[in-house]
Amino acid sequence: AWQLWPFLAWGVLIIILHNVAMAGLHTISGPLATLNIVNFVDMRNARTFLIAQELTWETNITTLAKQRIAMTYYMALLRQEYNAMLY
């Protein structure tokens with residue numbers, strides 16, 4: 001049972017730090033929304049780049065067709081999210 005104490009202390013510390021951070025973030029609502037959409041577009045860009053890399057290295061013809069469909073889907077999503085970020 002004593003071996004469990006470090007994990008419990010770590011869990012309590014994480015909960016406390018999360019609550020302190022969230023309390024601080026509630027005061028900056030405007031810039032936080034902008035930061036959220038920028039992070040979301042960055043995530044979309046990374047995912048689209050990953051799909052593009054997979055498409056480049058794919059040698060199987062049937063999987064290649066599926067990867068092209070996925071690529072067009074993710075490109076459309078990236079374009080949509082990028083336009084939302086700009087306006």
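How much accessible surface does the protein chain have, and what share of that surface belongs to carbon and sulfur atoms? The accessible surface comes to about 7,200 Å². Carbon and sulfur atoms hold 70% of that area. These values come from a predicted model.

Start with the overall layout. The protein chain has 3 helices and 0 strands. Read from the N terminus, its elements run α-α-α. The C-alpha trace spans about 55 × 45 × 15 Å along its principal axes. The radius of gyration is 21 Å, whereas a compact globule of 87 residues would be near 12 Å. Of the 87 residues, 13% count as buried. Residues 24 or more positions apart account for 57% of them.

UniProt, in an unreviewed entry, lists residues 1–23 as "signal peptide". In the model, this span is 83% helix and 0% strand. The end C-alpha atoms of residues 1–23 lie 33 Å apart.

Then move to helix α3. This helix covers residues 61–86, which makes 26 residues. At 1.5 Å a residue, helix α3 should span 38 Å. Its end C-alpha atoms are 37 Å apart, so the model agrees with that expectation.

Which residues of α3 are buried? They are Leu 64, Gln 67, Met 71, Tyr 74, Leu 77, Leu 78 and Glu 81. An α-helix has 3.6 residues a turn, so residues three or four places apart point the same way.

Take Tyr 74. Its relative accessible area is 19%, and the cut-off for buried is under 20%, so Tyr 74 counts as buried. What aromatic pairing does the structure hold? There is 1 aromatic pair. Its partners are Tyr 73 and Tyr 74, with ring centres 5.5 Å apart. The ring planes stand at 65 degrees, so the pair is edge-to-face.

The other residue is Glu 81, also placed in helix α3. Glu 81 has a relative accessible area of 18%, and is therefore buried. Which residues does Glu 81 contact, leaving aside its neighbours within four places in sequence? The contacts are Phe 40, Val 41 and Arg 44. Val 38 gives another view of this region. Glu 81 and Val 38 are 43 residues apart in sequence. In space, their C-alpha atoms are 9.2 Å apart.

Notes
Residues numbered from 1 in each chain as written. Predicted model: local features only at pLDDT ≥ 70, side-chain atom pairs only at ≥ 80, totals over all residues. Heavy atoms only, no water. Phe/Tyr/Trp six-rings, centres within 6.5 Å; stacked < 30°, edge-to-face > 60°. Buried < 20%, exposed > 50% of the residue type's maximum accessible area, 1.4 Å probe, protein only. UniProt positions renumbered as here; feature names shortened; annotations may be inferred. Helix = DSSP H or I, 4+ residues; strand = E, 2+ residues; numbered from the N terminus. Rg over C-alpha atoms; globule rule 2.2 N^0.38 Å. Contact = heavy atoms within 4.5 Å. Areas by Shrake-Rupley, 256 points an atom, 1.4 Å probe, with all protein chains shown as cover. Expected span 1.5 Å × (residues − 1).
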